[in-house]
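Subject: Structure for you to look at

Hi,

Here is the structure I said I would pass on. Please open it first, then read my notes below.

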Amino acid sequence: MTRDQVKDIVFRTFTDVIADDEIEITEDSGIMDDLDMDSIEMQEVFSDLEEEFEVGILDSMLKRMITIGDVIDVMTELQGKAD
Amino acid sequence: MQRNYPGMFNLTKGLMMIAIMMMHAITDGLFGYGLNVQSAKLYPLQVMGYGSMAMFFMLCGYTVKKKSWKACLRAQKAIIRPYCIVAVSVLVISLFGVCLAQGSASDYLGTVRYNFFPYLLGLSAGIFMGIPSHGIGAIWFFVVFVLDTLILNAVLRLEKTWMQIGLLVVMAVAGIHIGTDILMPFYLPQVLVGAGYMYAGIWCKKLDIFNRKIHPVIWILLTAGWLYMSWKGNINMADNYWKCGLADWIMSFGAGLCLLVGLQQLNRFEGQMSEKIRWIGKHAMWICCIHSVSQIAIPWNQILSRISPVPVVGMLVEFALHFGLAVSICILIEKIKRSQKKRRRISRQGQTV
């Protein structure tokens, strides 16, 4: 899977959970700082991503996921390992 | 500098969940074995208890933001479902227990009244239809969290900060003075008090408290206040008990902050053990639900002495059972949720093809 394909899935997953047209998601959006997500929504989004890519996200990996771009990078990396 | 990242509180939440289960095992044990422990021996427990609820609410307030009402209400759905599942589970297990004990019809009725209606109405501590209803497990926290998130969504619309703080202080004063004489639905006293703690969590984020250098004198003063008030005062938020009234509420902010910042320092540790604790923190919501069911539906204080005549062994067995049940059911729930999602995804793919 290419980075762009991963990006599409990550954007779609976040958009589905946030479900707010007023919030614009970009690669630079900080997950905790810019998106109006609470802890439960965050858990939901990462569980959806795990399911979508059929991978497990360790807590130590979450530390690297500060922006949406970071999420795409980590998921691309995990996807590559799974393949 | 470490920026905020998802799951940054998992270790703290995991440690708190373990502490809650341990604390319930100890209090059940003390009661079950009829032990009258000197308050000096309970002081360490009191110190932890003094700041723990404030810390938990601050941690939950950290991610709260002003949202559209629609988005705010939608986000709460994730909590209401497990709450209802817990209410039904407690009732079913309790009725099963009465059935095993060959109880009378009035026992059944009592179980329904004690375990089900208080849940549905979220009754705070007090007397319900002649039956004493004390803090209903750890799950009361969910109702308070949902209602306080909604309240804060309104409070944050006030223009001036002093107006927001003023309103929250008035609410806390009202909540503390309601006491336990009047039975209030939806844990109203706790809701009124907890909103202030969650608001403090919002400020922790605004002030970037985990990356800011704070003068050691401030920490020393806060810790001294925490230790002193743990001795002089006492807080039991589940039962809305505030020994020193508003002073307890105000001082617990410092205690909660010390505890939160202190526990977050442990976040730098990596390894198998910390990863396992983080897993517990990640699943804190379901673990809290399962623990509530196992705590309320099983009369621990009555059966502990039958498990072992030695109090410490009884307490350890209760803790191990709480912990084992919570973790194993949580793994099961995770597996069920995954297979449901997988099925949905396959059927979605089938429809597109």
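The contact between the chains takes 35 residues from chain A and 34 residues from chain B. Contact here means heavy atoms within 4.5 Å. Please keep in mind that this is a predicted model, where local features need pLDDT of at least 70 and side-chain atom pairs count only at pLDDT 80 or more, while totals for chains, interfaces and linings use all residues. Residues are numbered from 1 along each chain as its sequence is written, chains are lettered from A and ligands numbered from 1 in the order in which they are written, and side-chain values use heavy atoms, with hydrogens and water left out.

**The interface**

The size of an interface is often given as the accessible area lost when the parts come together. Chain A and chain B bury about 3,000 Å² between them. Of that area, 46% is on carbon and sulfur atoms. Buried area is the accessible area (1.4 Å probe) that two parts lose on being put together, summed over both.

How many salt bridges are there between chain A and chain B? The count is three. A salt bridge is a side-chain nitrogen of Lys or Arg within 4 Å of a carboxyl oxygen of Asp or Glu. Asp33(A) forms one with Lys205(B), and their closest N and O atoms are 3.9 Å apart.

Polar contacts cross the interface too. The rule finds seven such residue pairs between chain A and chain B, both residues at pLDDT 80 or more. A polar contact is a pair of N or O atoms within 3.5 Å; within protein, one must be able to donate a hydrogen and the other to accept it, and residues adjacent in sequence count only if both atoms are side-chain atoms.

Which elements of chain A give two or more residues to the side that touches chain B? They are α1 (3-18), α2 (39-53) and α3 (59-62). The largest share, 12 residues, comes from α2(A). Helices (H or I, at least four residues) and strands (E, at least two) are DSSP runs, numbered from the N terminus. By class, this side of chain A has 15 nonpolar, six polar and 14 charged residues. Nonpolar covers Ala, Val, Leu, Ile, Met, Phe, Trp, Tyr, Cys and Pro; charged covers Asp, Glu, Lys and Arg; the others, Gly among them, are polar.

**Glu50(A)**

Look at this residue next. Glu50(A) sits in helix α2 of chain A. The side chains of Glu50(A) and Lys282(B) meet in a salt bridge (4.0 Å, N to O). The pair crosses between chains, and Lys282(B) lies in helix α11 (residues 272-282) of chain B.

Is Glu50(A) buried or exposed? Glu50(A) is buried, with a relative accessible area of 8%. Buried means under 20% relative accessible area, exposed over 50%, and partly exposed in between (1.4 Å probe, protein chains only). Lys282(B) is buried as well. Leaving aside neighbours within four places in sequence, Glu50(A) is in contact with Val55(A), Gly56(A), Ile57(A), Lys282(B) and Arg338(B).

**Chain A**

Chain A has four helices and zero strands. Along the sequence the pattern is α-α-α-α. The radius of gyration of chain A is 12 Å, close to the 12 Å that the globule rule gives for 83 residues, so chain A is as compact as a globular protein of that length. That radius is taken over C-alpha atoms, and the globule rule is 2.2 Å times the number of residues to the power 0.38. The C-alpha trace of chain A spans about 35 × 25 × 20 Å along its principal axes. Of the 83 residues, 51% count as buried.

**Other salt bridges**

Over all chains, the structure holds nine salt bridges. In one of them, Lys7(A) pairs with Glu27(A), the closest N and O atoms being 3.6 Å apart. Lys7(A) lies in helix α1 of chain A and Glu27(A) in the loop between α1 and α2, so the pair ties together parts that are 20 residues apart in sequence. Lys7(A) is partly exposed at 27% relative accessible area. Glu27(A) is partly exposed at 25%.

In chain B, Glu270(B) forms a salt bridge with Arg278(B), with closest N and O atoms 3.8 Å apart. Glu270(B) is partly exposed at 44%, whereas Arg278(B) is buried at 1%. Salt bridges that share partners also join Arg3(A), Lys7(A), Glu27(A) and Asp73(A) into one network.

**Chain B**

Chain B has 14 helices and four strands. Of its 353 residues, 49% count as buried.

Best wishes
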